[in-house]
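Trainee: I would like to go through this structure step by step. Can we take the contacts between chains, then the domains, then a helix and a sheet?

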Amino acid sequence: MTNSWTDIANSDLVVVMGGQAGDAHPVGFKWVLEARSRRKARLIVVDPRFNRTAAVADLHVPIRPGTDIAWLGGLINHLVSHDKIQHEYVTAYTSAPYLIKQGYGFKDGLFTGYIEGKRAYDMANWDYELDAQGHVKADPTLQHPRCVFQLMKAHYARYTPEMVERITGSPRDKLMTAWSWIAETARPDKVMTALYAVGWTQHTVGTQNIRTMAMVQLLLGNVGMAGGGVNALRGHSNIQGLTDLGLLSNLIPGYLTLPSEHEPDFATYMKSRGFKPLRPGQLSYWQNYKKFFVSFQKAMWGKAATAANDFAYDHLPKLDVVYDLLRIFNMMHKGEVNGYICQGFNPLQAAPNKAKISTALAKLKFLVVMDPLTTETASFWENHGEYNAVDPAKIKTEVFRLPTNCFAEEEGALVNSGRWLQWHWKGAEPPGEAKTDIAIMAALHLRLRELYKKEGGAFPDPIVDLNWPYIHPESPSPEELAKEINGSALEDVVDPKNPNKKLLTKGRQLNLFLELRDDGKTACGCWIYSGSFTEKGNMMAQREVSDPSGLGVFPQWAWSWPANRRILYNRASCDPDGRPWDPKRMLIEWNGTKWAGFDVPDFPPLSKPSAGMGPFIMLPEGTARLFARGFLKDGPFPEHYEPFEAPIANLLHPKVNSNPAARVFKSDLAVFGKPSEFPYVGTTYRVTELFHFWAKHALINAILQPQQFVELSEDLAKKKGIMAGDWVKVRSNRGQLRAVAVVTKRLKPLKVDGKTIEVVGLPFHWGFTGLTKKGYPSNVLTPFVGDANAETPEFKAFLVDIEKTTAPAV
Amino acid sequence: MASLQSLDIKRRSATTLPAPDVRVGHEEEVAKLIDVGRCIGCKACQAACLEWNDLRGEVGTNTGSIQNPPDLTANTWTLMRFTEIEEDGKVEWLIRKDGCMHCADPGCLEACPAPGAIVQYANGVVDFISENCIGCGYCIKGCPFNIPRLSRTDGRAYKCSLCSDRVAVGLEPACAKACPTQAISFGSKPDMLELASLRVEGLKERGYKKAGLYDAPGVGGTHVLYVLQRADRPELYQGLPKDPKISPLVSFWKGLAKPVGLGVIGLGVLAGFFHYVTVGPDTVEEEDERAAERDMAERRGR
């Protein structure tokens, strides 16, 4: 989230799209209804289904799964052509005026630079035109034909209301009502928030779905404002913490990146991470990258990381390719992976194409599962009839189940969607032999270290040198780890201008990442968390509920990264002169001498408005990017591409149907289904009663939603002779499942390009473990293809067929 | 539920003695307000009810609806009822939390032949005192909302107690505490009526011209109130009666019962008579009837 859960109450308009906030996040959803109580806010739900969120909405707009960019691109066209943008904001705070290189273009579904055989682009021309000083050329009048604004306008001119209706199936009247409500928030004193979840990410255009809404919010001037922003509702209680701490194969903590094999030494690595400002007077905060990186290396390898050895740069692996979920399972499937440690993850249910995952797991020599529950993955080798029809005798994989405690049986911080690190305390002892994940990983490390010390090996240093300063090495405490993540001074540091002034004292906790150094005198596990556990104590454990702002800032409740800032880009809540766009939503303002207010300014506190620094200080241009300059693999402007399995061809450019930069493995290309055989659009989602594959292990949840079902419209049910409560079979080109039919008015056939398109709803919680009736995971159906940028699998749009069947034998 | 508030008892089934609360009489009436316009059907109330009251039903099956379990049971005292309607091409999903309405004039209590099996506290809560229940099922016939259910395990009738044990010590009912969207509120009845009028006003502003309060005058008002989007047609909400009244049969039986007094001798006869006139699609089985008679015989023996 750019903003916070509590901030949603400041909105005038809540748009829930690419997620189902009320269904899947019912507790946080209360802030939407608070906005209604306090501000008479409206709620728009854009979703294929009339869901529980829609039950309390002011407007539900149905949409065909996988067509969000068409919908939002049409919205951009509507805003620009009806002059419903916040001009001063767009001109001053976005890249709209900047000129793009002559070589950039877009034609027939492809941006310039496409390399056919590689399914990739050469992005060299997706960049700004620079002047002699290396600064971006700009046209503040937004008239230059190659300025971002004009290019954007031309790009989305194709997305007319007629075209959008034909692609998305959203009825025109509802579409226009939604767009006109959204357009009203172009006013500085009207603010809209956008709430989304994996309904946007789980597409082959996932990243671009989110980007399109970010562009909309920038055009409306809603980013940085209280009640505004682009807000990801995270699906697990600490999935935000997972990404923050770099638990993705190409990241290290704090959104720093692992080196690639083209960066064999530290100097080369830093060369592409210089972040020289692209406009005069800009901060370009990532210029501090080296401080964050060196401090991370010191936290990892302590004394073994020295200036002489480039702070142990060689200890980091160098990536040849990104080892994301899809790639790892593809390698496993080809027999290229021997062992797999599966910690708090259930890929047999969660990764696409269950059949492929199951075969892949069976090719492992060993599988270690760390989990509080008996997961399907841990039992993938068991035969459960039609629900897991494997032959255990043929599976040689040795499976180790290591029971871990659940969240309530340990202390620590969970990071919520709004970036709040909330410390919690242990509520009970773990049962039986269960151990914390920390203890298990510590034991593993200590044994590996002993082996490497004793036996050596090709490169034992990263393991042997690992900094392990904990009081009980076999079980580091959550507090010790939290302090290490916050960072501390390793040596005294004095002010170079005044030798009597000590800036840092050896051994003391750091106050904030501003104190980090690139000379090895500070250590910090995750720079964005620096400030969470200082000499004043554990800031994450703060529980003060006062809110002087009246805007739900709650500055002393827990701790929000970065710097306890509650709303990112809050400098943009003020006009260029430093006055709030909306005085009633004052977060910070320029008081004549400094930036001050209720939130921590996302800006140098002493930088005068007249100095002209832009509010988006993390970017070298200081402004927000309407044009993603050489950053996203599939284009600088989001473009509508059909899902890899779609019921119609791409109406904008039939020759480039699906995302040309999405990575597809050859063997998976063969198992995409055709609309002639699979005429209906399948989409997956959660129900409130069950959380993923866990809550089915809890009796009350099992009582509340005991058995697998699929949802279909009354029309489709009639056509197929299906009654509510009948058993149905849903097939894709990869597998099939059997479940009970819920026939509903809440799913309606959509008119798409003159054709009637039906959507089949597939809630995904059931499996062959737990207390609910046994069921199928929906990944028996889903395709093995992911987003071009994040590799998130396309679970939200694929092709299926449905027919009536009989109940399974009991 | 056990009777924790004997001094606060206002009415007691099959009892003609003055209620203990005549000595006190200052207790404020409470109410639970269910604002259907704010309900997202998350079932947190259903879960909280099971947790607090230590109830666990069976893990059932799906019968073609997300409403689960499909109906109230002796172990399901509250239930989200999901109704889809479509008018003028507009779909609405009406989600009503069903359960005891805690009537000011409770038909169950009127109908109950077992002394002290059903009580009404001065705060308005109508509570079943299980140890006094004879399992006759007349409360089911007496209830205009079709709420009480007989347990197949112990043969007694059960329903929502409005968490009388929590309310007695100044807490809100478990469902109200769990509700994430403030669709359930709890407080004094006047306060809840005031909140209800604000909520109705809000719905009207949002275009629900027929929004209104549901407070069933036919049963003297209730201590569970609804704010409905479609107050003109409560029956849309899966059978919420438009004008609930206590069945005339119950009044007839009470009229007869009074002169007879609560003479236990006549009870069996009356019970037989009542059963004769009411036998139908209710859940009172012959076995239950015999159990009730055995129970009463035992009581007489004591």
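Trainee: How many residues of chain A are in contact with chain B?

Mentor: This is a predicted model, and two residues count as in contact if their C-beta atoms, placed from the backbone, lie within 7 Å. On the chain B side, 32 residues take part. On the chain A side, the number is 36.

Trainee: Which kind of residue, nonpolar, polar or charged, has which count on the side of chain A that touches chain B?

Mentor: Elements giving two or more residues to that side include α2 (30-39) and β29 (735-744) of chain A. The residues of that side of chain A divide into seven charged, eight polar and 21 nonpolar.

Trainee: How far apart do the C-alpha centres of domain 1 and domain 2 of chain A lie?

Mentor: The domain assignment places domain 1 of chain A at 6-235 and domain 2 of chain A at 666-805. Their contact takes 22 residues from domain 1 and 28 residues from domain 2. The C-alpha centres of the two domains are separated by 28 Å.

Trainee: Which elements give two or more residues to the side of domain 1 of chain A that touches domain 2 of chain A?

Mentor: That side of domain 1 divides into seven nonpolar, 10 polar and five charged residues. The elements giving two or more residues to it are α1 (21-24), α9 (198-201) and α10 (206-219) of chain A.

Trainee: Why do the buried residues of α6(A) line one face of the helix?

Mentor: In α6 (residues 148-157) of chain A, the buried residues are Val148(A), Phe149(A), Leu151(A), Met152(A), His155(A) and Tyr156(A). Seen down the axis of α6(A), these fall within a limited arc, so they line one face. Their cover includes α4 (68-81) and β4 (106-107) of chain A.

Trainee: Which strands are the edge strands of the open sheet of four strands in chain B?

Mentor: The order of this sheet is β9-β2-β11-β10 (chain B), and the pairing is mixed. An edge strand pairs on one side only. The edge strands are therefore, reading the two ends of that order, β9 (184-188) and β10 (212-214) of chain B.

Trainee: What is the bridge partner of Val30(B) in β9(B)?

Mentor: Strand β2 (residues 30-35) of chain B pairs with β9(B) in the antiparallel sense, over five bridges. In β9(B), the partner of Val30(B) is Ser188(B).

Trainee: At what angle to β9(B) does helix α6 of chain B run?

Mentor: Helix α6 (residues 189-205) of chain B lies across β2, β9, β10 and β11 (224-228) of chain B. Its angle to β9(B) is about 140°.

Methods:
Residues numbered from 1 in each chain as written. Chains lettered and ligands numbered in written order. Predicted model: local features only at pLDDT ≥ 70, side-chain atom pairs only at ≥ 80, totals over all residues. Nonpolar A, V, L, I, M, F, W, Y, C, P; charged D, E, K, R; others polar. Buried ≥ 20, exposed ≤ 12 C-beta atoms within 10 Å, placed from the backbone. Arc of directions from axis to C-beta. Domains from an automatic or database assignment. Axes fitted to C-alpha atoms, helices over the stretch in contact; angles between N-to-C directions.
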